[in-house]
Amino acid sequence: MMFIDPHIHMTSRTTDDYEKMSQAGIVAVIEPAFWLGQPRTNIGSFQDYFSSLLGWERFRASQFGIKHYCTIGLNSKEANNEALAAAVMEILPLYACKQGVVAIGEIGYDDITPAEDKYFRLQLELAKQLNKPVMIHTPHRDKKAGTIRSMDVCVEHGLDPNLVIIDHNNEETVAEVLERGFWAAFTIYPHTKMGNARMVEIIREYAGNTPTGRDNIQRIIIDSSADWGISDPLAVPKTAWLMLERGIPQEDVTAVCYQNALSAYSQSGEITGSHWLETVPIDQRQKFHDNSILRGQEPIVDFCPENTLIS
């Protein structure tokens with residue numbers, strides 16, 4: 001089996017993580033622009049960060065046969081610094097139109113302030129102008145109300161729900177997200193948000209052999225959101241293995257751990273399965289701005305990774 005992790009913050013991960021992810025069958029990742037753990041203070045820090053998503057991270061992933069894509073946006077937390085947020089909005093179109101950018105995101109609400117609302121709406125309009133999908137960050141506090149509001153605002157701005165991925169769902173939010181035709185993404189964290197076993201039970205509940213269940217299974221996405229906190233870059237394959245162990249059909253596992261993410265984000269025109277099915281041999285002698293992933297190791301050259309499920 002092949003996997004896509006469609007929400008993972010590789011800027012926060014080590015190169016060893018890329019190696020383990022490749023070995024576990026992950027063929028592609030999507031890295032959303034997000035908050036780096038402390039406030040940024042000037043527009044240059046955003047420019048360098050966006051450039052790293054389009055450059056260095058894409059290179060690092062390629063050294064292990066993983067295709068790297070990203071989403072570009074002003075995250076909700078930093079929207080509250082209005083002077084800086086306004087400056088970021090001026091440069092967003094430049095980066096959002098680059099090759100490999102599959103959506104505007106992750107955007108939405110944190111504390112649901114007027115400033116967050118303002119810049120959420122501005123970025124929804126930008127997504128419409130660029131005909132890009134949108135990745136929505138739902139708030140950690142009062143999640144159900146924040147999720148409903150996020151969907152309401154998207155509809156108010158005329159976005160097709162099929163172009164909107166609502167992430168960080170839980171048991172409280174999944175039913176309405178699916179009923180309204182949005183993509184329902186789930187972040188698998190070791191201790192918070194959504195655990196592997198809880199995810200299996202959600203699949204059992206919403207993906208039975210009924211017309212509604214068959215439709216639901218085509219709109220659920222599993223990701224790791226692995227970042228600088230305690231998180232797991234192998235959350236997607238580990239959840240897949242658990243689903244298989246507990247009797248979830250392999251076609252459903254493939255849908256939620258690979259195909260649905262590809263279907264959602266391929267609407268950008270920037271990601272397609274042919275990007276990794278036509279494997280390019282790895283040459284770790286390559287450098288990016290005179291830097292490599294190697295620190296004294298023998299480089300892997302002309303190696304084509306075999307992406308198979310490890311049981």
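Let me start in the loop between α5 and β5, where Asn131 lies; helices here (H or I, at least four residues) and strands (E, at least two) are DSSP runs, numbered from the N terminus. Asn131 is not a glycine, yet its phi is positive, at about 55 degrees. Another local point is in strand β4, where we find Glu106. The peptide bond between Gly105 and Glu106 is cis, with an omega of about -10 degrees. As background, most residues other than glycine have a negative phi, and most peptide bonds are trans.

A quick word on what we're looking at. This is a predicted model, in which local features need pLDDT of at least 70 and side-chain atom pairs count only at pLDDT 80 or more, while totals for chains, interfaces and linings use all residues. Residues are numbered from 1 along each chain as its sequence is written, and side-chain values use heavy atoms, with hydrogens and water left out.

Now the whole protein. Its secondary structure comes to 12 helices and 10 strands. The C-alpha trace spans about 55 × 50 × 35 Å along the principal axes. For 311 residues, a compact globule would have a radius of gyration near 19 Å, and the protein agrees with its 19 Å; that radius is taken over C-alpha atoms, and the globule rule is 2.2 Å times the number of residues to the power 0.38.

On to the sheet. Eight strands make an open, parallel sheet in the order β1-β2-β3-β4-β5-β6-β7-β8, where two strands pair if DSSP finds at least two bridges between them. Which strands stand at the edges? They are β1 (3–5) and β8 (220–223), each with a single partner strand, so one side of each has no neighbour in the sheet. Neighbouring strands are turned by 25 degrees against each other on average, direction ignored; axes are lines fitted to C-alpha atoms, for helices over the stretch in contact, and angles run from 0 to 180 degrees between N-to-C directions. β3 (residues 67–72) and β4 (residues 101–108) run parallel and are joined by three bridges, and Ile72 stands opposite Ile104 in β4. Helix α11 (residues 250–265) packs on this sheet, and β1, β4 and β8 are among the strands that α11 touches. Contact means heavy atoms within 4.5 Å.

Let's turn to the helix pairs. Helix α4 (residues 82–96) and helix α5 (residues 114–130) pack at about 15 degrees, with their axes 11 Å apart. They are therefore roughly parallel; angles under 35 degrees count as that, over 145 as roughly antiparallel, 65 to 115 as roughly perpendicular and the rest as oblique. Their contact includes Met89 and Leu92 of α4 and Leu122 and Leu126 of α5. Its residues divide into 11 nonpolar, one polar and two charged. Ala, Val, Leu, Ile, Met, Phe, Trp, Tyr, Cys and Pro count as nonpolar, Asp, Glu, Lys and Arg as charged, and the others, Gly among them, as polar.

Next, helix α10 (residues 235–245) meets α11 at about 160 degrees, axes 10 Å apart, so the two are roughly antiparallel. Val236 and Met243 in α10 are among the residues meeting α11, and this contact has seven nonpolar residues, one polar and no charged.

Finally, how do α8 and α10 lie to each other? Helix α8 (residues 196–206) packs on α10 at about 55 degrees, with the axes 9 Å apart, and they are therefore oblique.
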